[in-house]
Amino acid sequence: MVLPATQSVAADPTRSSGSTDAAAPLLEIRSVTKRFGATPVLSSISLDVAEGEFLTILGASGSGKTTLLRLVAGFEEPDAGEIRMAGQRLDGLPPYRRRVNTVFQHYALFPHLSVFENVAYGLRVQNVRRTEIPQRVTAALAMVKMSEYASRAPAQLSGGQQQRVALARALVNRPQLVLLDEPLSALDAGLRREMQVELKSLQREVGIAFLFVTHDQDEAMALSDRIALLRWGHLEQVATPREIYQRPATAYTAQFIGQTNLLRAEIRQGMARAGTLAWRCASSDGRATFSLRPESIHLGAPVGEKVAALGDDTTRFTARIRRQVFGGATDLVELACADGLTLLARIPSRGNLEGAWEFEFSGADGVRVQDEE
Amino acid sequence: MTEGLRTDRLNDSRSRWLPGYAVLVFAFLYLPIVVLIVYSFNGQSVGGFPPRGLTTHWYRVLASDDAMWDSVVNSLEVALAAVALALAFGLPAALALDRVSFPGKQIFRRLVLLPLILPGIITGLSLLMLFVAAGMKLSLLTITLGHGTALISVATTELFAGLQALDRAQEEASLDLGANYWQTFWRVTLPNLRLSIVGAALLIFTLSIDEIAVSFFLIGRSNTLPLEIWSRLRRGMTPEINAVSTLIFGFSLVTILVWYRLRVRGRAPAEEIA
Amino acid sequence: MYSRTYKAAVAIPPLAWVTGFLLVPYALLFAYSFWQVEAQQVVHHWNLGNYRELFHNPMYLEVLFRSMKIAGAVTALALLLGYPLAYYLSFCSRKKELLYQLVIVPLWVSYLVRAYAWKTILGSDGVLNTLLQYVHVVHHPVESLLYSPFAVVLTLTHIYTPFAFLPIYASLEHIPRRLVEASEDLGATPARTFARVILPLSLPGVLAGATFAFVLSLGDFLAPLLLGGPSGIMISNVVVSLFGAAYNWPLGAAISLSMLVLVVVLLSIVQRAERKLSFG
């Protein structure tokens with residue numbers, strides 16, 4: 001395979017000299033605040049992106065994720081705080097002085113330029129040597145498998161193809177950081193999954209840090225080294241996908257990423273109680289909220305049947321099956337406990353369940369989270 | 001394609017008098033134009049019915065009418081200069097309205113657009129006062145300045161609409177890729193606006209060619225075409241006017257067709273290349 | 001995202017132009033309207049005399065009311081012709097692009113020439129009269145056609161109908177066709193769909209079209225001069241004569257400024273109404 005032009009970036013002395021210290025993060029966002037008029041959009045956000053990292057800013061619409069990206073790109077300026085790249089101050093610089101390139105949400109390909117000229121654009125305006133341009137553009141197009149479309153107009157490309165061109169157009173400039181603003185949102189589900197895989201492997205290949213914005217938690221989980229969950233302009237949690245799923249810090253995170261049961265419990269003498277449920281818990285006494293994933297609840301026997309002895313940590317309870325949603329390998333089951341508590345459980349598919357059953361979960365699977373109450 | 005289906009259904013169910021009414025309205029709009037063309041070939045100097053005697057006499061009279069042709073040249077000069085002026089100031093005005101916030105912007109917007117709706121007589125008179133106060137002699141220059149002032153509003157609205165339709169992300173992408181504002185303007189903004197610019201230029205050109213209310217007050221020694229026509233109309237019936245109008249009408253039709261072609265091509269660049 | 005220099009570069013030239021060629025002239029118009037003429041000379045003696053004259057001399061008020069009546073009639077007729085035409089093009093025609101151009105084309109024929117063509121048509125030896133005699137509907141030319149408010153209204157209607165048509169057509173084109181389908185789906189007849197969905201949503205366009213027709217015909221002075229005769233004189237003709245033969249610029253300025261204020265007030269009312277009608 002032809003090595004893409006961007007790979008040579010690693011050997012580019014001008015670039016490596018930019019980062020003063022190997023351990024220092026590539027991008028540092030420090031206490032950045034942004035308001036639009038009186039509306040606060042971002043409140044004192046601090047976030048680092050490491051060299052070569054794929055970091056996703058995940059959030060619902062209105063969370064401020066796109067604004068954060070635009071601050072890094074230079075389309076907006078922060079009201080307070082600072083942004084550094086490789087140790088140097090980034091905020092205050094116009095977009096064209098930042099070694100950051102963006103893949104826009106709807107690609108923003110120039111309709112009046114061919115695919116080739118779109119990709120060449122950044123090189124031309126930055127006065128890269130004329131002789132060097134065709135070679136770099138060709139390599140970039142090859143990297144995204146769009147070589148044969150070089151002479152097409154953007155309007156003649158499918159969404160997925162436009163997406164690739166947008167990516168090539170950003171990468172050809174050898175940026176230190178690529179910003180991606182919901183780049184896959186306009187694609188349909190199948191193509192989207194395909195592009196996710198490609199995007200991830202491309203990022204690995206070129207080794208450039210990606211700052212990726214999405215509202216799609218599955219996408220974030222599939223792609224990211226780390227996820228920064230943003231909510232109403234605050235960072236809720238920054239962690240690896242695994243950690244953020246298994247150890248959500250807040251009730252919001254637990255609910256936003258995957259499904260969960262939030263149990264509002266009272267802890268006394270090492271036991272947590274929520275309604276009729278009780279499980280062992282090392283925390284100190286008081287009220288607390290726990291997140292219990294549906295897949296942590298296991299199906300026992302129908303009520304009345306004998307069961308094997310319980311493990312130390314297992315909590316067992318009885319519930320009626322209220323609803324059952326077939327989901328292929330697993331079913332999502334809505335349980336009504338005796339005291340009116342409703343729980344979701346994900347269990348292996350095994351035909352329709354009726355009536356009351358025994359369920360069990362391990363107290364260790366209940367993750368204590370911060371709740372706003 | 002749903003559009004077509006919709007149309008068919010509406011044709012069936014909606015009232016039947018509407019097409020007939022539309023024909024009548026068109027007849028009303030075209031009646032004077034037909035009369036104009038027919039009577040430019042009329043053998044009599046007054047417009048009686050039926051027209052008598054087909055003749056090209058009036059065109060021959062026109063051909064040797066130097067004053068008329070001088071005024072045509074004057075009008076062309078004024079119109080070209082007005083287009084240049086209106087675009088040169090209308091484009092920045094549209095950009096400012098689209099993307100700069102400054103105190104008094106609303107007042108600025110209203111002022112710029114006012115001549116669009118204001119009767120020409122007010123624009124003409126107030127400029128007359130300005131030129132008199134400034135001690136300027138009335139000439140084609142004052143007419144040009146008048147047209148420029150009145151038509152900046154047209155350039156501004158046309159180009160502002162073009163800017164609104166322009167995807168802002170285009171310019172952001174350009175800046176993001178390392179182009180500064182100037183480069184972005186030349187390489188992205190302007191090419192994307194070219195249809196609006198051509199459209200505005202054509203519109204301004206034709207409006208200027210036909211303008212009379214403003215010119216009426218700013219006229220010096222040399223007439224523009226409408227003022228020349230005006231001075232003759234006041235003297236009485238001159239079928240020569242019919243002839244020159246028919247010629248201008250024909251010229252306008254050609255311009256429309258060219259513009260139409262341009263627009264169709266501009267709208268579908270993809271098919272054009274394929 | 002735009003730099004200070006960029007903003008200055010785009011804002012300053014048009015601001016300068018607007019100041020020099022619109023603000024200053026309007027200010028002059030304002031100033032003149034408070035001056036007066038003495039012995040064929042404009043003297044800078046500030047007073048309200050011109051306005052007093054304007055509002056006390058019945059001649060001016062009469063002409064002003066006549067102008068408004070004519071402009072009102074033109075507006076009503078232009079809407080009556082323009083709306084059904086726009087509706088037909090937007091909703092019923094399969095060749096709307098072509099027909100749209102056909103509405104525009106008459107605008108490319110000189111205003112003067114079209115007014116003149118109406119003169120040719122309406123004159124006592126004109127096309128209409130001779131046609132009527134030719135087919136023996138009348139035996140003597142109908143004299144009252146030309147040189148009357150009727151001729152002015154007819155000509156101005158002809159000239160400003162496309163101006164009324166354009167915004168109405170634009171607003172009709174902007175109505176999402178799904179809304180019409182939804183209305184029919186919910187059981188509304190075409191007539192009810194028109195009355196309850198299409199018409200309300202096209203009102204901003206109607207308003208804009210009406211404003212164009214009213215304001216432009218109110219300020220017109222060429223059609224009245226050509227076809228109006230003494231009974232068709234409009235307010236701008238008075239201004240023209242004050243700036244010409246009658247040589248009373250201050251009084252002319254007072255009338256012009258009153259018109260300017262009238263137009264600006266009308267525009268802001270219309271704008272407010274449009275905002276209300278355009279549903280966010």
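Predicted model: local features only at pLDDT ≥ 70, side-chain atom pairs only at ≥ 80, totals over all residues.
**Exercise 1. Strand β20 of chain A**

Solution: 
- Step 1. Move up to the strands. β14(A) and β20(A) are antiparallel, paired over 3 bridges.

**Exercise 2. Strand β14 of chain A**

Task: Which strand pairs with β14(A) over 7 bridges, and how many residues of β14(A) are buried?

Solution: 
- Step 1. The strand is β11 (residues 261–268) of chain A, and the pairing with β14(A) is antiparallel.
- Step 2. Pick out one pair. A265(A) has A288(A) in β14(A) as its bridge partner.
- Step 3. Recall the other pairing: β14(A) also joins β20(A) over 3 bridges.
- Step 4. Count burial. Strand β14 (residues 286–292) of chain A has 5 buried residues out of 7, so the rest of the structure largely encloses it.

**Exercise 3. From β13 to D313(A)**

Task: Which residue stands opposite A272(A) in β13(A), and is D313(A) buried or exposed?

Solution: 
- Step 1. Strand β12 (residues 271–274) of chain A is joined to β13(A) by 4 bridges, and the two run antiparallel.
- Step 2. Within that pair, W279(A) is the residue opposite A272(A).
- Step 3. Go from W279(A) to D313(A). They are 34 residues apart in sequence, and their C-alpha atoms are 7.3 Å apart in space.
- Step 4. Locate D313(A). It sits in the loop between β15 (298–302) and β16 (314–327) of chain A.
- Step 5. List its contacts. Leaving out residues up to four places away in sequence, D313(A) touches R280(A), S362(A), G363(A) and A364(A).
- Step 6. Decide on burial. D313(A) has 12 other C-beta atoms within 10 Å. The cut-off for exposed is 12 or fewer, so D313(A) is exposed.

**Exercise 4. Helix α4 of chain A**

Task: Name the buried residues of helix α4 (residues 133–143) of chain A, and say what covers them.

Solution: 
- Step 1. The buried residues are R136(A), V137(A), A139(A), A140(A), L141(A) and M143(A).
- Step 2. Their cover includes α3 (115–125) and α5 (159–171) of chain A.
- Step 3. Check what follows the helix. After α4(A) comes K145(A), with a positive phi near 60°.

**Exercise 5. Chain B and its contact with chain C**

Task: Describe the make-up of chain B, then its contact with chain C.

Solution: 
- Step 1. Chain B contains 13 helices and 0 strands.
- Step 2. Burial comes next: 44% of the 274 residues of chain B count as buried.
- Step 3. Consider contacts in chain B between residues at least 6 apart in sequence. Of these, 77% join residues at least 24 apart.
- Step 4. Turn to the interface. Chain C gives 73 residues to the contact and chain B gives 66.
- Step 5. On the chain C side, helix α1 (residues 4–32) of chain C supplies the largest share, 18 residues.
- Step 6. Sort that side by residue type: 55 nonpolar, 12 polar and 6 charged.

Conventions:
Residues numbered from 1 in each chain as written. Chains lettered and ligands numbered in written order. Contact = placed C-beta atoms within 7 Å. Nonpolar A, V, L, I, M, F, W, Y, C, P; charged D, E, K, R; others polar. Buried ≥ 20, exposed ≤ 12 C-beta atoms within 10 Å, placed from the backbone. Pairing = 2+ DSSP bridges.
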